[in-house]
Amino acid sequence: MLEVKNLQAFYGESIILKNINLDVQEGRIVCLLGRNGVGKSTFLKSIMGLVNTPCGSIRLQGREIIDQPTYARARAGIGYVPQGRDIFPHISVKENLQLGLEVNNGKGSIPTEVYELFPILKEMLSRKGGNLSGGQQQQLAIARALTARPKLLMFDEPTEGIQPSIIKDIGKVILHLKKEGYTILIVEQYLEFILDIADYYYVMDKGTIVAQGFVCDMDKETIQHKISI
Ligand SMILES: Nc1ncnc2c1ncn2[C@@H]1O[C@H](COP(=O)(O)OP(=O)(O)OP(=O)(O)O)[C@@H](O)[C@H]1O
Ligand SMILES: [Mg+2]
């Protein structure tokens, strides 16, 4: 589904991603682990076309997208749930959801699946985004990404700042989305969360990939050590 080869990313003159090779096979949940500041979010932003990436290749379903603008990548089927969620606080839940439709020029309607997954959002449609709890905002951010009907979903630290019971719910939702046929890439620092849901993992350090493998074969202690401060 997603093949990244020899990717470099820069902020100004500073090189942040050095030579990243990472694949997400169709139907899998792949996780990118790493400490604070190693370049995980920069990687997802690179996939979305939000960062300068002068070298490398990003293929989505076999098609090169590295020179495409962000909206074209979203339209090609990449859904992105950013770190911190980026919910618009002063507009309603419904309006936040409708923003997801803009990917397809505002055409279509909010899929009913969204309300089946997150019944709480249906009850809160007229509430302001900023009045939702952290967990509810995370649900809204996932729902907004689904509204655009993507094929590949990318989550940036979906458990950050969220209470444990809601983290479990988010894990269940991600597994459900896999069953529904979505391909999923998750950036995380919380190892326990991904052990239950991911198929394959990569570990990033200082802008390079330093370990990778199937989660079922993972040496938990070694990986925990690589991602701890
Ligand atoms: N807009 C920016 N301009 C310049 N440097 C940036 C910018 N955003 C991030 N950086 C730097 O790039 C590096 C990688 O940051 P990034 O946000 O990708 O890390 P991360 O792995 O997502 O960290 P965290 O776990 O804290 O979210 C850091 O050194 C950071 O200071
Ligand atoms: Mg980050």
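Cys55 is partly exposed, with a relative accessible area of 33%, where buried means under 20% relative accessible area, exposed means over 50% and partly exposed lies in between, computed with a 1.4 Å probe on protein chains only. The structure is a predicted model, in which local features need pLDDT of at least 70 and side-chain atom pairs count only at pLDDT 80 or more, while totals for chains, interfaces and linings use all residues. Residues are numbered from 1 along each chain as its sequence is written, chains are lettered from A and ligands numbered from 1 in the order in which they are written, and side-chain values use heavy atoms, with hydrogens and water left out.

Another cysteine, Cys31, has 0% relative accessibility and therefore counts as buried. The sulfur of Cys31 has its closest cysteine sulfur in Cys216, at 14 Å, which is too far for a bond. A disulfide is a covalent bond between the sulfur atoms of two cysteines. Searching the whole structure for such pairs gives zero disulfides, the criterion being two cysteine sulfur atoms within 2.5 Å.

We turn next to the ligand. Around ligand 1 there are 13 residues, of which Gly37, Lys40, Ser41, Thr42 and Gln83 come nearest; a residue is counted as near when one of its heavy atoms lies within 4 Å. By class, this shell has three nonpolar, seven polar and three charged residues, where Ala, Val, Leu, Ile, Met, Phe, Trp, Tyr, Cys and Pro count as nonpolar, Asp, Glu, Lys and Arg as charged, and the others, Gly among them, as polar. Helix H1, residues 40-48, gives the most to the shell, with three residues; helices (H or I, at least four residues) and strands (E, at least two) are DSSP runs numbered from the N terminus. An oxygen atom of ligand 1 is 3.1 Å from a polar backbone atom of Gly39. With side chains, an oxygen atom of the ligand is 2.9 Å from an N or O atom of Gln83, and an oxygen atom of the ligand is 3.1 Å from an N or O atom of Glu157. Of the 630 Å² of accessible area that ligand 1 has on its own, the protein covers 58%, with areas taken from the Shrake-Rupley method and a 1.4 Å probe.

The loop between strand S6 (78-81) and helix H3 (93-101) contains Ser92, and Asp86 is placed in the loop between S6 and H3 as well. Ser92 is buried, at a relative accessible area of 12%, whereas Asp86, at 46%, counts as partly exposed. Although Asp86 is not a glycine, its phi is positive, at about 50°. The C-alpha atom of Ser92 is separated by 4.2 Å from that of Lys128, 36 residues apart along the chain.

A positive phi, of about 45°, is found also at Lys206, which is not a glycine. Lys206 lies in the loop between strand S9 (200-205) and strand S10 (208-214), and is exposed, with a relative accessible area of 62%.

Helix H6 (residues 134-147) has 14 residues and reaches 20 Å from its first C-alpha to its last, close to the 20 Å expected at 1.5 Å a residue, the expected span being 1.5 Å times one less than the number of residues. Because 13 of its 14 residues are buried, H6 is largely enclosed by the rest of the structure. H6 is followed by Arg149, whose phi is positive, near 55°.

How values were computed
A polar contact is a pair of N or O atoms within 3.5 Å; within protein, one must be able to donate a hydrogen and the other to accept it, and residues adjacent in sequence count only if both atoms are side-chain atoms.
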